[in-house]
Amino acid sequence: MDRLELVKAFREQAGWCERLGSPLYHAIMLRIAGDVDSSGISWSLLESHSEDSPRSLTLRFPGAVHRLVLEGRAPGLARYYPSVGGTADSQAAWTAFVRVLEEHGDLLRNGVPQTVQTNEVARCCALLPGFLEIARRTALPLRLLEIGCSAGLNLRWDCYRYETSRGAWGPPDSPVVFRDPFLGDPPPLGQAVCVTERTACDLNPIDPASEDGRLTLLSFVWPDQMERFRVLSRAIEVARTMPAVIRRANAVDWLESELASLPNGSATVVFHSIVLPYLDDPARDQLSRILNEAGERATNDSPLAWLSMEPGENEADVHLTLWPGGSRKRIAKAGYHGRNVECTR
Ligand SMILES: C[S@@+](CC[C@H](N)C(=O)[O-])C[C@H]1O[C@@H](n2cnc3c(N)ncnc32)[C@H](O)[C@@H]1O
């Protein structure tokens, strides 16, 4: 990575922040780009990361600074970060941002996180039509198996509330409420669902019950995107009260062993969201083979469902296959973060 590549990456990231609704990060990313371009302090902290992808540094570097703010170690910058009660002010925030770089230089030079790790809870809105359809068609309780679950927050999708002008689904007292996530008609919301098991895997799972896990997840949310920040904070609280089993494992190996037998009396539901781009072609083929082979063993008493929200025609497409006898069909389209869900009729 050379300096100019990094400048370009921060400028591009500034564009994404503007388009995706973070004026504060739009301004800060542009300032970092200018600072790197003039070999300022940002460059002196980042130049040792020459092996890293510039694109990932544009999220990991501001994420490390945001973490200091969340930990209460950067009170000057906290005044301008809405995530901790501040008021966004791009000009003043940049001055305070540079001060944090000066004060915490050693930590930031060596302590930029290795990966960007998020868990987008609003993706549950895109998955909801699939879960409800599986419950309706099988009339059985659900055994949930999620691959690439991150912190497992979406394994608790049934603990959240989904409100629309045509009715609502989910516990009325849930602290996590999604309002009007559907464009057009929502899915039929009268379906009761019972979840009997929540199990998942990730190559790098995050423990939402730990303070480190909480800070890791929150630090990557852009600090002026309060709705995402609130939903994530509340979902972390929910995860602390609703148990789930999460293994550190590769999706392919884990799924093969989990699907070795399909229990009678519940519908086994394998689901994933924005995970396939991280797998290579052979791994994607293996996953599909494992699911199709298990699908051939499914019966009406031990059905198997495969529900996915993955990059599609525009942003994300939601697909569902239900065995026995299943064929894959697209049931919805959605934004990458799970908003603007459009059910396919
Ligand atoms: C973009 S995140 C999506 C996380 C979560 N599904 C969501 O929608 O918020 C992708 C996740 O896939 C995990 N992952 C990538 N490759 C994997 C693999 N081969 N096996 C298991 N997990 C994997 C990553 O660690 C990361 O947590």
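Predicted model: local features only at pLDDT ≥ 70, side-chain atom pairs only at ≥ 80, totals over all residues.

Student: Which domains does the domain assignment give?

Tutor: Domain 1 (3–111) and domain 2 (123–343); such bounds come from an automatic or database domain assignment.

Student: How many residues of each are in contact?

Tutor: 16 residues of domain 1 are in contact with ten residues of domain 2, contact being C-beta atoms, placed from the backbone, within 7 Å.

Student: Which helix gives the most to that side of domain 1?

Tutor: H4 does, with five residues. Helix H2 (23–37) and helix H4 (54–70) each supply at least two; helices are DSSP runs (H or I, at least four residues), numbered from the N terminus.

Student: Changing topic, at what angle do H11 and H12 cross?

Tutor: The axes of helix H11 (residues 251–258) and helix H12 (residues 281–297) cross at roughly 10 degrees and come within 10 Å. Axes are lines fitted to C-alpha atoms over the stretch in contact, with angles from 0 to 180 degrees between N-to-C directions. H11 and H12 are therefore roughly parallel, a term for angles under 35 degrees.

Student: Which residues make the contact?

Tutor: Ala 251, Val 252, Leu 255 and Glu 256 of H11 meet Ala 283, Gln 286, Leu 287 and Ile 290 of H12.

Technical notes:
Residues numbered from 1 in each chain as written. Contact = placed C-beta atoms within 7 Å. Parallel < 35°, antiparallel > 145°, perpendicular 65-115°, else oblique.
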